[in-house]
Amino acid sequence: MDAFILQILNGLDKGSAYALIALGLTLIFGTLGVVNFAHGALFMIGAFCAVTLNKLFSISFETVDPTKTDFLGNPLKVKTPYLESWFGPELGGAIIDWSVPLSLIIAIPVMIAIGLIMERGLIRHFYKRPHADQILVTFGLAIVLQEVIKYFFGANPIQTPAPDALKGVFDLGTWLGLSLPYPIWRVFYFLFAVVTIFAVFAFLQFTTFGMVVRAGMADRETVGLLGINIDKRFSIMFGLAAAVAGLAGVMYGPINPPNYHMGMDFLVLSFVVVVVGGMGSLPGAVLAGFLLGILESFASTTWATTTLPGINQIIIYLVAIIVLMTRPRGLMGRKGVMEE
Amino acid sequence: MHPKPKPAISLGPAAPRHQWEDFMSKNNLTRRNVVKTGMIGSAGLATPMIFTASSAAAFTNEPTGSTVTLGFNVPQTGPYADEGADELRAFELAVEHLNGGGDAGMMNTFSSKALKGSGILGKEVKYVTGDTQTKSDAARASAKSMIEKDGAVMISGGSSSGVAIAVQGLCQEAGVIFMSGLTHSNDTTGKDKKANGFRHFFNGYMSGAALAPVLKNAYGSDRNAYHLTADYTWGWTQQESIAAATEAMGWNTVNNVLTPLAATDFSSYIAPVLNSGADVLVLNHYGGNMVNSLTNAVQFGLRDKVINNKDFEIVVPLYSRLMARGAGENAKGIFGSTNWHWSLTDEGSKAFVRSFGTKYGFPPSQAAHTCYVQTMLYADAVERAGSFNPCAVAEALEGFEFDGLGNGPTLYRAEDHQCFKDVLVMKGKENPTSEFDLLEIVEVTPRAQVEYAVDHPMFAGGSLGTCSTGA
């Protein structure tokens with residue numbers, strides 16, 4: 001029982017990342033009709049916002065410690081972060097320690113700006129081109145972005161730890177009489193995903209801007225004829241989708257150390273999530289994200305891999321095939337999307 | 001205007017003339033010529049060897065001018081690009097030293113004195129580089145290009161056993177020497193060994209033989225181990241080696257779960273460990289896999305758990321400083337093994353660290369060390385053989401005993417082309433003094449403890465075959 005619930009929890013935090021990326025993908029596809037293969041790269045850039053802020057906070061000055069030597073036998077240069085020097089070891093250390101959550105503040109404007117630059121600078125020129133062209137250009141962009149990150153940060157993963165207060169394990173089963181030790185940050189990540197998803201839905205549902213966007217998604221031409229600049233609003237939605245992916249990346253850093261390739265690792269799976277959920281359906285993307293996360297988690301158990309070797313590697317694609325055969329528009333897909 | 005060629009075979013005056021006959025005659029084609037050409041072409045296509053030495057040369061890429069070209073095949077893109085960059089630095093340093101530049105590094109401490117800093121056999125050493133991308137097909141393609149287009153007489157480098165085995169096979173076909181870089185699978189000098197391939201790096205069996213006694217001393221002989229293993233040749237052979245070595249000292253292997261190489265999040269593999277009754281987790285992972293699986297295991301609080309009245313422990317059998325940096329604090333106190341470490345204090349290691357550190361500003365990794373040493377060993381073997389002929393070089397390397405290259409007295413065993421030398425058991429350092437000071441040496445396991453018979457079952461199933469010159 002404990003193991004069963006643990007795998008559900010694992011699936012939920014894995015599904016959180018899928019759902020957040022797929023939500024952004026669906027927003028872009030639903031508004032602009034673009035299949036954005038660079039969306040995984042936006043997730044990765046978000047994670048590197050946290051890496052960058054951590055590095056900025058950790059900029060240090062060197063003092064020589066004559067009692068110790070470095071690897072060449074020279075007096076050891078000891079690094080002390082400026083923040084610790086300015087604000088004292090406790091406050092300065094705490095700022096560095098909380099660099100990941102603080103990165104959220106930086107990441108929102110940065111990611112919106114990157115999204116807008118991507119959309120205005122490149123992707124808008126491909127709106128009237130076939131989907132294959134859009135896929136090629138966004139895939140190419142993703143490769144460029146990851147190579148840029150690799151150039152500056154290297155190929156190895158970089159630790160971006162969670163704050164000390166959010167490290168460690170929390171026993172979720174205390175009230176149920178079960179043993180369910182689960183990393184605090186992963187619980188935090190799931191809660192963050194839920195809040196973000198609700199915030200996006202609330203924004204679309206309860207604001208005038210969101211109402212116009214939804215109207216544009218349903219009938220772009222009519223909204224345009226009413227004198228509303230729907231293109232501008234859709235561009236902003238691209239920025240918003242980039243921010244959602246970026247925030248998912250920022251918060252993912254303490255779960256697995258970011259590397260330049262992490263976006264590609266999530267991209268294909270996120271596309272499967274979008275297809276299973278139904279192209280253009282925001283609730284479908286979220287539902288499928290969590291569903292496939294949980295299924296993938298169960299497929300990785302010893303029981304599953306012993307019974308059906310290799311099932312952990314194909315489960316998501318197997319489910320996608322079954323869903324598409326039985327419900328060709330996906331779980332919550334709308335009629336008419338990509339069906340001309 | 002040229003006279004119209006006459007068909008070699010006449011169909012007779014009464015035979016009607018067809019368009020294809022016009023075409024054949026215009027192009028000086030006859031049925032016989034076509035059949036002959038086709039047969040020659042078919043024979044060419046059916047020939048498995050893609051490489052042949054030129055008719056005048058005794059072996060592939062025999063150097064005839066004043067220079068000799070070596071091919072360094074390292075991951076320049078992909079997940080091991082940082083390790084590849086460090087290998088490339090070491091190769092550049094080795095070439096500089098071979099050509100008489102710098103402070104000569106380990107040439108001063110190497111027990112063989114055949115190298116004089118005047119190139120190899122008086123020829124200036126040049127090099128070309130290829131990108132393995134840590135993919136077998138890409139690595140073979142880049143090695144093939146360096147051999148065919150650039151005239152490389154030796155190929156070295158790499159950071160994966162899958163790649164090493166693939167390139168080693170290609171070099172055997174091509175008739176050039178392959179001095180492998182970082183490859184730790186038993187298979188490289190086991191079932192996939194080749195007469196033209198040589199490995200200086202240690203292997204999974206040696207890691208197990210070195211680690212097991214240290215683990216027994218630290219954690220006792222009554223332990224239940226759970227293995228997570230990368231699902232490819234290196235992971236399989238390392239798991240087999242570690243399980244055999246730890247079971248021999250009384251440990252029980254509870255389970256071995258194969259994880260996909262492409263896996264990024266290991267939480268769903270780690271959660272079952274909690275309820276398995278295991279009190280040790282062995283991570284047969286390398287690179288990004290290792291960083292993530294170790295990070296996930298620590299996140300789930302495994303190291304804080306007490307199971308079977310014992311503290312839960314994690315072991316990472318193959319360590320690398322570059323990976324330890326990725327794992328950060330999670331690596332503290334965790335045992336593993338390495339081929340070499342910059343903190344060794346023998347004269348060879350000190351000379352290499354001084355050369356490398358002065359040139360690049362940081363200490364070399366074990367991947368850099370093995371690549372530097374392999375280049376020196378190749379050059380030395382050529383000097384002693386007096387020829388670049390791969391068979392003569394192989395003969396010079398086989399059974400070669402040397403010292404002064406950082407691992408103590410070392411033997412290049414003739415029967416399988418594996419180096420036998422001391423192995424380091426390491427532990428993640430609790431209080432590092434710098435970003436390079438992440439691992440500490442727990443024990444230098446003597447060579448005798450990690451030696452094995454040529455026909456050991458873990459290495460059975462292949463044969464060196466005969467040396468290939470490509471001629």
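**The interface and the aromatic rings**

Mentor: In this predicted model, chain B and chain A bury about 3000 Å² between them, and 51% of that area is on carbon and sulfur atoms.

Trainee: Which residues of chain B lose the most area to chain A?

Mentor: The contact draws 48 residues from chain B and 35 residues from chain A. On the side of chain B, three residues together account for 18% of what is buried there. They are Ser268(B), Gln299(B) and Phe300(B).

Trainee: How far apart are the closest N and O atoms of Asp265(B) and Arg186(A)?

Mentor: Between chain B and chain A the count is two salt bridges. A salt bridge requires the side-chain nitrogen and the carboxyl oxygen to be within 4 Å. Asp265(B) forms a salt bridge with Arg186(A), and the closest N and O atoms are separated by 2.9 Å.

Trainee: How are the rings of Phe37(A) and Phe271(A) arranged: stacked or edge-to-face?

Mentor: Planes under 30 degrees apart count as stacked, and over 60 as edge-to-face. The ring centres of Phe37(A) and Phe271(A) lie 4.4 Å apart with the planes at 25 degrees, so the pair is stacked.

Trainee: How many residues apart are Phe37(A) and Phe271(A)?

Mentor: Both Phe37(A) and Phe271(A) are buried. Phe37(A) belongs to the loop between helix H1 (2-32) and helix H2 (39-57) of chain A, whereas Phe271(A) is in helix H10 (residues 262-277) of chain A. The pair thus links distant parts of the chain, 234 residues apart.

Note on methods. Residues numbered from 1 in each chain as written. Chains lettered and ligands numbered in written order. Predicted model: local features only at pLDDT ≥ 70, side-chain atom pairs only at ≥ 80, totals over all residues. Heavy atoms only, no water. Phe/Tyr/Trp six-rings, centres within 6.5 Å; stacked < 30°, edge-to-face > 60°. Helix = DSSP H or I, 4+ residues; strand = E, 2+ residues; numbered from the N terminus. Buried < 20%, exposed > 50% of the residue type's maximum accessible area, 1.4 Å probe, protein only. Contact = heavy atoms within 4.5 Å. Buried area = accessible area lost by both parts, 1.4 Å probe.
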